[in-house]
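I opened the model to go through a few points by hand. My notes follow in the order I looked things up.

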Amino acid sequence: MNRRRTALVGVLALTTGLGLAGCSSGSGPELEVTGAYLPQPVSDMAAGFLTVRNSGDAGDRLTSVTSPLSDDVTIHETKDQKMREVPSFEVPANGELDLERGGNHIMFMKLKKQPKQGEKVSVELHFEKADAITVDLPVKETTHNPKKQ
């Protein structure tokens, strides 16, 4: 009887452990940033563009962006040729968030300095789940648009 109880407790512990391992086996969001750039600004505002790829099995959200270039950095969507600030952008599981010309983007207001072509602007992307990612945006010519190349 004692041996049977010990075996049963062992089986239950093993089963519970496997069940918990199965619950935690999801990798969550796995984010990578590519294609980042900032067209050289012609005023005290600028826009930044990049792609956030998520190879993980859980979605995430880009919630904010910070940068030494400006104390006023926001994220904007463009719909019907109108731009408006949004609180976050979805980064879908096994998908990507594209911030591109004519669409969703990072907006820098009241620039502290005018970055020139060839320089880099550092930004930190903040997410709901994943750790922040620091990215250097190379400053490109004002008309740079990689989608049209």
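**Thr51.** I looked up what Thr51 touches, leaving out residues up to four places away in sequence, and found Glu32, Val33, Thr34, Glu96, Leu97 and Asp98. Contact here means heavy atoms within 4.5 Å. Thr51 is located in strand 2 (residues 46–54). Helices (H or I, at least four residues) and strands (E, at least two) are DSSP runs, numbered from the N terminus. Buried or exposed? I noted Thr51 as buried because its relative accessibility is 13%; buried means under 20% relative accessible area, exposed over 50% and partly exposed in between, with a 1.4 Å probe and protein chains only. The side chains of Thr51 and Asp98 make a polar contact of 2.8 Å. A polar contact is a pair of N or O atoms within 3.5 Å; within protein, one must be able to donate a hydrogen and the other to accept it, and residues adjacent in sequence count only if both atoms are side-chain atoms.

**Basis.** This is a predicted model, in which local features need pLDDT of at least 70 and side-chain atom pairs count only at pLDDT 80 or more, while totals for chains, interfaces and linings use all residues. Residues are numbered from 1 along each chain as its sequence is written, and side-chain values use heavy atoms, with hydrogens and water left out.

**Overall.** I listed one helix and ten strands, in the order α-β-β-β-β-β-β-β-β-β-β along the sequence. The protein has 149 residues, of which 34% count as buried. Among contacts with a separation of 6 or more, 70% are between residues 24 or more positions apart.

**Strand pairing.** Two strands pair if DSSP finds at least two bridges between them. I began with strand 3 (residues 60–66), which is antiparallel to strand 6 (residues 89–91) over three bridges; Asp60 has Val91 as its bridge partner there. Strand 3 also pairs with strand 9, antiparallel, over four bridges, and Ser64 is opposite His126. Strand 9 in turn pairs with strand 10 in the antiparallel sense over six bridges, with Lys120 opposite Pro138. A hairpin of five residues links strand 9 to strand 10. Strand 10 (residues 133–140) runs parallel to strand 1 (residues 31–39), joined by two bridges, and Leu38 is bridged to Val139.

**Core.** Which residues touch the most other members of the largest nonpolar core? I found Leu62, Ile106, Phe108 and Leu125, out of 26 residues. Strand 9 (residues 120–127) gives the largest share of this core, four residues. A nonpolar core is a set of buried Ala, Val, Leu, Ile, Met, Phe, Trp, Tyr and Cys residues joined through side-chain atoms within 4.5 Å. I then checked Leu125 beyond its neighbours within four places in sequence; its contacts include Val33, Leu62, Ser64, Ile106 and Val135.

**Pro146.** I placed Pro146 in the segment after strand 10. Its relative accessible area is 35%, so Pro146 is partly exposed. Pro146 lies 9.1 Å from Glu100, C-alpha to C-alpha, and the two are 46 residues apart in sequence.
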